Structure formats: structure tokens, C-alpha cells
Amino acid sequence: MIELALKDFWLYLGWVMIMVGSICLHELFHALAAWSQGDRTAKEQGYFTLNPLVHMGVTSLVFLMLFGIAWGACPVNSARLRHGGWSEAWVSFAGPLANAILMLAFAAGFHLLPAAASLQSFCALAAMLNAGLLLFNLIPIPPLDGAGVVSGLLPASRKFYAAIEPVGMLLVMLLLWFNVGGFSLWEAARTLSGQTILLLQAVAGG
């Protein structure tokens with residue numbers, strides 16, 4: 001990221017701004033979904049906000065500015081959720097849903113905003129980054145949201161997930177690093193966002 005900042009500061013700034021906004025909205029959607037299911041923990045602890053210091057914290061923001069990666073968190077008390085596993089699955093899915101909505105919004109913006117190269121480049125980047133966040137968080141390995149969705153819908157999987165949770169993030173990193181199964185997150189994100197832009201273009205043209 002430092003090299004990017006020195007080479008193209010505006011691209012660097014756009015990357016940071018998009019990631020901060022997208023992660024904060026992702027976590028806010030978790031908070032709103034939990035509240036809708038009876039868990040007021042996030043609301044009581046001040047997570048009904050888009051403040052990056054609340055959702056991400058200083059360490060995550062520093063990592064974002066130095067390495068281009070970051071994370072967020074939202075407190076959820078499963079014992080307060082009304083419908084057990086179904087509520088847990090919805091709360092977990094709500095975060096990636098936010099990224100899907102942002103991806104679609106920026107893909108639409110690519111066509112609807114004035115045809116300026118800078119605006120279109122920003123929208124394309126934002127759509128790709130949100131596609132990446134969407135796909136990454138749906139990987140069904142704890143502590144990612146995909147595991148929360150699966151364990152909420154399939155309670156029998158919880159024992160397995162509990163066993164691998166201590167090394168879950170390591171497994172995720174190995175999956176991405178070695179492109180297990182030919183899966184490349186950024187290639188998949190570029191393809192998903194690009195196809196979304198083309199689809200909206202076709203719909204608008206039709």
C-alpha cells in the first residue's frame with residue numbers, strides 16, 4: 001500500500017475510503033439484523049453508527065493504510081436472538097448482504113454518473129472491492145460470516161466448526177494463498193463485479 005500511495009495517491013485514497021465505508025456498513029448491517037431479531041447488544045454498546053473507530057478500531061485502520069487489508073467487529077449475544085439458529089444465520093448473512101448492495105449500487109453508478117474517467121474508475125474499484133468483501137465473508141470457515149450462516153441453518157455443523165475455529169483464519173489464509181481449488185479471491189471479485197456491470201449495462205440498454 002505504501003508503494004501504491006507513492007505511485008498513485010488518489011487510487012490509494014479511494015481504496016482506503018471505500019474499504020472503511022464498506023466495512024463499517026457491513027458491521028452496521030450485522031447490528032441492525034441482530035436488533036431486528038431481539039438482540040439489543042450492539043445498540044446498547046453504541047454500534048448503531050458508521051464511525052470506523054467503533055467498528056474497526058485503530059489497529060484495523062492502521063493495517064488498512066499500510067497493507068490494504070482490514071477487519072471489523074460487531075457484538076452479538078446469540079442468547080438474546082428470538083429464533084435461535086435462523087436468527088444467527090440472518091445476522092451473519094446481513095454483513096455480506098451490505099456488500100452485495102454496495103456492489104450493485106456502485107455498478108449502477110458506473111453507468112448513471114457522468115461519464116468521467118475518474119468517477120467510473122472509482123465506481124469500478126468500489127464494486128470490485130465490495131465483491132471481494134462479499135465473497136471473502138461468505139467463505140464457510142470460522143470466524144467468517146459464511147460459517148455463521150451454515151452453523152445457524154445446520155446446527156449439526158457446530159461441533160465441527162467449534163473444533164476448527166482456533167485455526168479457522170489460518171485455514172482461510174492458506175486457502176487464499178495457495179488458490180486451493182483454483183480459487184483466487186481477487187479474480188473472482190473482478191469477474192463478479194465486471195459481470196454485474198455488464199448485466200446492468202445490458203438491462204439499461206434493453
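Helices here are DSSP runs of H or I, at least four residues long, numbered from the N terminus. With that convention, P142 is found in the loop between helix 7 and helix 8, the latter spanning residues 145-153. Please keep in mind throughout that this is a predicted model.

Good morning, colleagues. I shall begin with that loop and then turn to the helix packing.

Is P142 buried or exposed? Its relative accessibility is 6%, and the cut-off for burial is under 20%, so P142 counts as buried. Setting aside residues up to four places away in sequence, P142 touches A147, Y161, I164, E165, G168 and M169. P143 lies in the loop between helix 7 and helix 8 as well. The peptide bond from P142 to P143 is cis, with omega near 10 degrees. As background, most peptide bonds are trans.

Q37 sits in the loop between helix 2 and helix 3, where helix 3 covers 41-44. Its relative accessible area is 15%, under the 20% limit, and Q37 is therefore buried. Not counting residues up to four places away in sequence, Q37 is in touch with R80, L81, R82, H83, S87 and W90.

I come now to the helices. Helix 6, residues 84-112, packs against helix 7 at an angle of about 160 degrees, with the two axes 8 Å apart. Because angles over 145 degrees fall in that class, helix 6 is roughly antiparallel to helix 7. The crossing of this pair is left-handed. On the side of helix 6, the contact is made by P96, N99, A100, L102, M103, F106, A107, G109 and F110. Helix 7 contributes Q120, F122, C123, A124, A126, A127, N130, A131, L133, L134 and N137 to that contact. By class, the residues of the contact between helix 6 and helix 7 are 15 nonpolar, 5 polar and no charged.

How do helix 2 and helix 7 cross? The axes of helix 2, residues 9-36, and helix 7, residues 117-137, come within 10 Å and cross at roughly 45 degrees. The two helices are therefore oblique to each other, and their crossing is right-handed. Helix 2 brings L11, G14, W15, I18, M19, S22, I23 and H26 to the contact, while helix 7 brings F122, L125, A126, L129, N130, L133 and N137. This contact of helix 2 with helix 7 comprises 10 nonpolar residues, 5 polar residues and no charged ones.

In soluble globular proteins, nonpolar side chains tend to be buried together. In this model, the largest nonpolar core has 23 residues, of which W15, M19, V20, M56, L64 and L129 touch the most other members. Helix 2, helix 5 (57-67) and helix 7 each supply at least two residues of this core. Which helix gives the most to this core? Helix 2 does, with 8 residues. As for W15, leaving aside its neighbours within four places in sequence, its contacts are M1, L64, G68, L125 and L129.

Thank you for your attention.

How values were computed. Residues numbered from 1 in each chain as written. Predicted model: local features only at pLDDT ≥ 70, side-chain atom pairs only at ≥ 80, totals over all residues. Heavy atoms only, no water. Axes fitted to C-alpha atoms, helices over the stretch in contact; angles between N-to-C directions. Parallel < 35°, antiparallel > 145°, perpendicular 65-115°, else oblique. Left-handed = near helix turned anticlockwise from the far one by under 90°. Contact = heavy atoms within 4.5 Å. Nonpolar A, V, L, I, M, F, W, Y, C, P; charged D, E, K, R; others polar. Core = buried A, V, L, I, M, F, W, Y, C linked by side-chain atoms within 4.5 Å. Buried < 20%, exposed > 50% of the residue type's maximum accessible area, 1.4 Å probe, protein only.
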